[in-house]
Number of protein chains: 2
Amino acid sequence: MLAVDEDQVLADLRALAGFGKFDTGVHRPAFSEADLAAREWLRQRMQAAGLDGVIDGIGNVYGRAPGAERTVLLGSHTDTVPNGGWLDGALGVIFGLEVVRAWRRARPDNVIGVDLISFADEEGTWLSCLGSRSFCGALTDAELTGVRTRTGERLLDRLAHAGLANRAMVRLDLKRHGAYLEAHIEQGPRLVSDAVDIGVVTGIVGLRRHVVFFRGRADHAGTTPMGTRRDAASALFVFATTLADRLREAGGPDSVWNYGIVAVRPGAANVVPGEAELTVEFRDLSPTIIERMDAAFHATVGASDGAFGVAVSTTSDGSLEPTAMDKGLMGAFAAAAAEAGASHICMPSGAGHDAMILARHIPAAMMFVPSIDGRSHDISEDTHEDDIRQGLRIFAGAAGRILEELTPTNGRAAVSSGERERAP
Amino acid sequence: MLAVDEDQVLADLRALAGFGKFDTGVHRPAFSEADLAAREWLRQRMQAAGLDGVIDGIGNVYGRAPGAERTVLLGSHTDTVPNGGWLDGALGVIFGLEVVRAWRRARPDNVIGVDLISFADEEGTWLSCLGSRSFCGALTDAELTGVRTRTGERLLDRLAHAGLANRAMVRLDLKRHGAYLEAHIEQGPRLVSDAVDIGVVTGIVGLRRHVVFFRGRADHAGTTPMGTRRDAASALFVFATTLADRLREAGGPDSVWNYGIVAVRPGAANVVPGEAELTVEFRDLSPTIIERMDAAFHATVGASDGAFGVAVSTTSDGSLEPTAMDKGLMGAFAAAAAEAGASHICMPSGAGHDAMILARHIPAAMMFVPSIDGRSHDISEDTHEDDIRQGLRIFAGAAGRILEELTPTNGRAAVSSGERERAP
């Protein structure tokens, strides 16, 4: 196993948490002053670790291992949601930074190196996984030009304001980057409730998001007999409870669904609601199950349309296909956990991550450390220090295994067992 | 039957609809310029009809029959909801105006007269039934001082601006006002769907309004397993569908209930709702049924509290007791309808009216004319001209019967059969 400096990692995490500190958490949305300052701090830490550190034209902080012919890319993100937690993606970036240092200490002259990246705006203040999309060439100039915050500010203007306007973009290099590894907090309660040390991520779940519209008729709630009402709210309530049953039947044991947004109009106590709106999303790792849930959803919309005199229709509000992690890399995490005397489970990630974007192009894998009470995206987010230390040892162990596997016996770089050569 | 001038009534209604005309409807909220101008117009029409017309300190327009010792009070209101309809309460005021004229034509020297009133702000732009509350002495100075619009403007300031600040208040006079009669549009679809000419109102329904709070826990909608969620929105949906069944069981054939306001927080597609809020109201004419529905409501709250890990609690958001109309006066409407060759049904009013306030002090009754498609409080509100003409004949017929009944054979005023002497 690679020898890591656990105290240094805790010190780096705490230093990083000082940028945008907010109560017990961190407020560091993409391209805020705090985020930009944290990026420059990280670039200097990369330099100190012997990497060539740059901030590219989209805000990605990239540390390139000089002299390496082929590398394992480690990373995550250092931006946060508003009033978020201190670990989230920062944990994976600082774990990666320590692996860089440990690998250079252990194998200073190896042609196989460790590159490190902190992707910009993973949280989607502007666009989810903005930095990793750009890195993988999955973002057109037209798309980039169109990106604005909810308040209408253009991303290009903000990038120019941050002094990033004319910088080159760092891109994924299939010849160089042999694999991508990312550590992250779990953001859910499963590791804690199952009393397991780490999660080896099997894949990032796919998602379907739909908005359902209910159109009835607004009426006086005192003078309109129940039998003649076309009550959009009551139709929504019945739809939502019915759909939950249908999704439970169609889904698998790890399927999740949510009714996150509900609107009822006109919204007066004494007016029968004439219109209502429900946002439904559901997720699973299996493409088959996602399709089955989607079919159940559309069947429920069809069966509900017209009931109670209320028209029911729907539009898609986005979808993501499930993304499997690389089995060879997953095995390295499992082996490193066993070597460290730690327990692990294989589990899907219910949340999106930069690894989802990278996995479309190179072998990628993720490892979760436990989140206390499953909290994240909140100032209460935290992980026990022992879990951070143990997670670091396992992450470094897995990275070391993969780096050794890549290391040529003949002086040339080998190719990871699981590599899939797809054009970015 | 009293001989009425139907064309004059239609002309008066159309003239009144010119104040605050908005598309096919009327925008004449209480104490707007249009409302104040309409009130002065009405006062002058009262003068022309031989009444002593005044606008009092709360904005009530009152026409007093000179020389009469005892009267039947007719009225309704001429204010509207924002962008409302042209008839609503205006119909009842103009019907009353024509009965004043017809009675004076028919019995010019009778000691029994007809007084007319247009109450201020029945619609509650400032306070529901403001004018009739004031008229009945049911509004304290402290209450009056506290009345403001949603934007914070004080009623007393608006009254001063309208030049009403130092005027006397007109009050209900139990010695003078023997009965109160009000015509109004139905504001519901029942007369049209049952193909009935008029509705004789049995009473104004009582109402209970409750806000129900659901407190769970906000969580990431991708990473939190279904089994560990405390989803306030799903708890609300199940509560609402269950409560509808319980209210149906507890209620009577005319009971109504409504879920008019729904809020779900934080309101993001990918966050499990941690809080939700539902406003429930239900109405019935029977105090027994209202109490039974209220018991079913509280039992459902109790049974739901804690299910799905969601705490359920409730606070009252107001209540009104049912108000019965006077049976003797109802009989006059039924007899007048029969005499006119018209059909009628006895029905509760699901909406509040000034008659509800008056009925606490003197015998009161109401009559409904049909609303096309049951529409009201909207610019689409309308009533077929034939229904207005027929409604007028029946209203005048009933008023004539009651006036004749009051008329003394010995030269002194009699007392209405149904009078209840309560202090205002």
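A residue counts as buried when its relative accessible area is under 20%. Keep that in mind for the views below, which come from a predicted model.

View 1. B:Phe119 and B:Phe135 form an edge-to-face aromatic pair, with 5.6 Å from centre to centre and 65° between the planes. This pair joins distant parts of the chain: B:Phe119 belongs to strand β6 (residues 112-119), B:Phe135 to helix α4 (residues 130-135), and the two are 16 residues apart. Both B:Phe119 and B:Phe135 are buried.

**View 2. Rings gather in chain A.** Here ring pairs connect A:Tyr62, A:Phe119, A:Phe135 and A:Tyr180 into a cluster. Over all chains, the structure holds 21 aromatic pairs.

**View 3. Chain B meets chain A.** The contact draws on 48 residues of chain B and 49 residues of chain A. Together the chains bury about 3600 Å² between them, with 61% of that on carbon and sulfur atoms. On the side of chain B, look for B:Met226, B:Phe237 and B:Ala269, which lose the most area to chain A and together make up 17% of what that side buries.

**View 4. A salt bridge crosses between the chains.** A:Arg375 pairs with B:Asp219 in a salt bridge, their closest N and O atoms lying 2.9 Å apart. Chain B and chain A share two salt bridges in total. Polar contacts also cross this interface, with 12 residue pairs found (both at pLDDT 80 or more).

View 5. With eight residues, β11(B) gives the most to the side of chain B that touches chain A. That side has 23 nonpolar, 16 polar and nine charged residues.

Notes. Residues are numbered from 1 along each chain as its sequence is written. Chains are lettered from A and ligands numbered from 1 in the order in which they are written. This is a predicted model: local features need pLDDT of at least 70, side-chain atom pairs count only at pLDDT 80 or more; totals for chains, interfaces and linings use all residues. Side-chain values use heavy atoms; hydrogens and water are left out. Rings of Phe, Tyr and Trp (its six-membered ring) pair if their centres lie within 6.5 Å; planes under 30 degrees apart count as stacked, over 60 as edge-to-face and the rest as tilted. Helices (H or I, at least four residues) and strands (E, at least two) are DSSP runs, numbered from the N terminus. Buried means under 20% relative accessible area, exposed over 50%, partly exposed in between (1.4 Å probe, protein chains only). Contact means heavy atoms within 4.5 Å. Buried area is the accessible area (1.4 Å probe) that two parts lose on being put together, summed over both. A salt bridge is a side-chain nitrogen of Lys or Arg within 4 Å of a carboxyl oxygen of Asp or Glu. A polar contact is a pair of N or O atoms within 3.5 Å; within protein, one must be able to donate a hydrogen and the other to accept it, and residues adjacent in sequence count only if both atoms are side-chain atoms. Ala, Val, Leu, Ile, Met, Phe, Trp, Tyr, Cys and Pro count as nonpolar, Asp, Glu, Lys and Arg as charged, and the others, Gly among them, as polar.
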